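Here are my notes on the model you sent over.

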Amino acid sequence: MGRRKKKANRRRQEEEEANWSALCPDLLRCVFKRLSFTALNRAKSVCSTWHSASRGCVPNQNQIPWLILFPHEDESNKNSSSCVLFVPDDQDKVYTSKDLGVDFSQSRCLTTCGSWLLLLNRRRDLYIVNPLTGERIDLPDNQHLTSDLRYDRVCFRIDNKTKDYLVVMLQCCSVFTKKGYKKWHDFPHLDFYGDFAYNQKDQKLYVHYPNDIVDIWDLSGDNPHKDRSLSLDPFYINHYDFPSFLNDNDDELYWDKLRGFTTRTAVTVSGDILMVSSIVQDCKTWYFRIYKTNLYGNWVKVKSLGNEALIYDMGITVVANGISGIKRNSIYFSGVNHGRDDPHHIFVYDLTTHKMEPLPQCVLSSIPFSDARWFFPCY
């Protein structure tokens, strides 16, 4: 009786699966067009019929950040050519990308744009890859560029349909290239020594110089051009704004616990410029403070981002009000300059409670990883 029951259950399961696969493709496409980006990607993985029917379907715009974990290049790691994706909507689940090749396992991610990653391999070759589709675009040879090139200072845009792209490397002598170019060209009148933020939505590049001048460049056209310049008051990190430094008596305790501090430039949804200061203390505890200029041009501490969230890697804020999967008034951080392979440095920081919210254990135990990034996949 037990065997018969198992066979009957197996037959029933096979019939149910067959029925799902037999749904009319036109009906499937009608449903798929109403799905979110995340839901459509889940639907595509149900069966080959659903995957085929999903082609050409454009989901609603994705509004939540995903976390991508890059594998360690290790012979014992069977998935060293794939990456792991965590979608905050799915707290207890991670996804593995398709095999992206040996070159991927030996490359370092420099930055992201939508679903695309800009990677640097061991031979100093630069290329763009989409981990969701496996598409790859090789960039022009850059071996002739200066040897002290800072590859982490780079941004790019790409059109998902036409694959038109523009890549800018911000160095002592900055350069750019785009689709159709066979080589790198000098970026017009830009010597870079400071910080920057790139707003992918309006394709504006905010370059913050040490002399507190901010040049805003428009990257939306065929060639980059400067839109305008802003003059800001000098900004210095204020250690008195952080815990354990409430008065002069705590001075020694604060510096004894301090393990690092930094400040970066960020841009809000409305185009306001922020300065984001952070410190890391013993036990890998992080604290963040955010500042913006008031009507008189002075830097003042901001208590809340309101209905926005800051994606620290990208240096931008995004709308986060009433959207499942993203938390308003928070900072999405992935260990920039403090060990991207350390799970203690990958978290969501709540600006209301000033507490770090760690990732689910299923994410951190999914693979031995060498790098992590928050990004916004899209079609």
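This is a predicted model: local features need pLDDT of at least 70, side-chain atom pairs count only at pLDDT 80 or more; totals for chains, interfaces and linings use all residues.

1. The protein chain has seven helices and 25 strands, and 48% of its 379 residues are buried. For contacts with a separation of 6 or more, 48% are between residues 24 or more positions apart.

2. Have a look at the open sheet of four strands, ordered S3-S2-S1-S25 with antiparallel pairing. Its edges are strand S3 (95–96) and strand S25 (369–375), each of which pairs on one side only. Strand S1 (residues 66–71) runs antiparallel to S25, and six bridges join them.

3. Which element gives the most to the largest nonpolar core? That core has 38 residues, and Leu67, Leu69, Phe104, Leu117, Ile326 and Leu359 touch the most other members. The top contributor is S1, with five residues. Leaving aside residues up to four places away in sequence, leucine 117 touches a list that includes Ile68, Phe70, Phe104, Tyr127, Val129 and Phe156. There is also a second, separate core of 21 residues, with Tyr254, Ile279, Ile290 and Tyr312 among them.

4. On charges, I'd note 13 salt bridges. One joins the side chains of arginine 123 and aspartate 103 at 3.8 Å, N to O. Arginine 123 sits in the loop between strand S5 (116–120) and strand S6 (126–129), while aspartate 103 is in helix H5 (residues 102–105). Arginine 123 is exposed at 52% relative accessibility, whereas aspartate 103 is buried at 15%.

5. Aspartate 241 and lysine 301 form another salt bridge, at 4.0 Å, N to O. Because aspartate 241 lies in the loop between strand S15 (225–231) and helix H6 (251–257) and lysine 301 in strand S19 (residues 299–302), the pair ties together parts 60 residues apart in sequence. Aspartate 241 is buried, at 19% relative accessible area; lysine 301 is partly exposed, at 43%.

6. Last, check glutamate 357 and lysine 327, whose closest N and O atoms are 2.4 Å apart in a salt bridge. Glutamate 357 is in strand S24 (residues 355–358) and lysine 327 in the loop between strand S21 (316–319) and strand S22 (330–334), so parts 30 residues apart in sequence are tied together. Elsewhere, shared partners join Asp103, Arg123, Asp125, Arg136 and Asp138 into one salt-bridge network.

How values were computed
Residues are numbered from 1 along each chain as its sequence is written. Side-chain values use heavy atoms; hydrogens and water are left out. Helices (H or I, at least four residues) and strands (E, at least two) are DSSP runs, numbered from the N terminus. Buried means under 20% relative accessible area, exposed over 50%, partly exposed in between (1.4 Å probe, protein chains only). Contact means heavy atoms within 4.5 Å. Two strands pair if DSSP finds at least two bridges between them. A nonpolar core is a set of buried Ala, Val, Leu, Ile, Met, Phe, Trp, Tyr and Cys residues joined through side-chain atoms within 4.5 Å.
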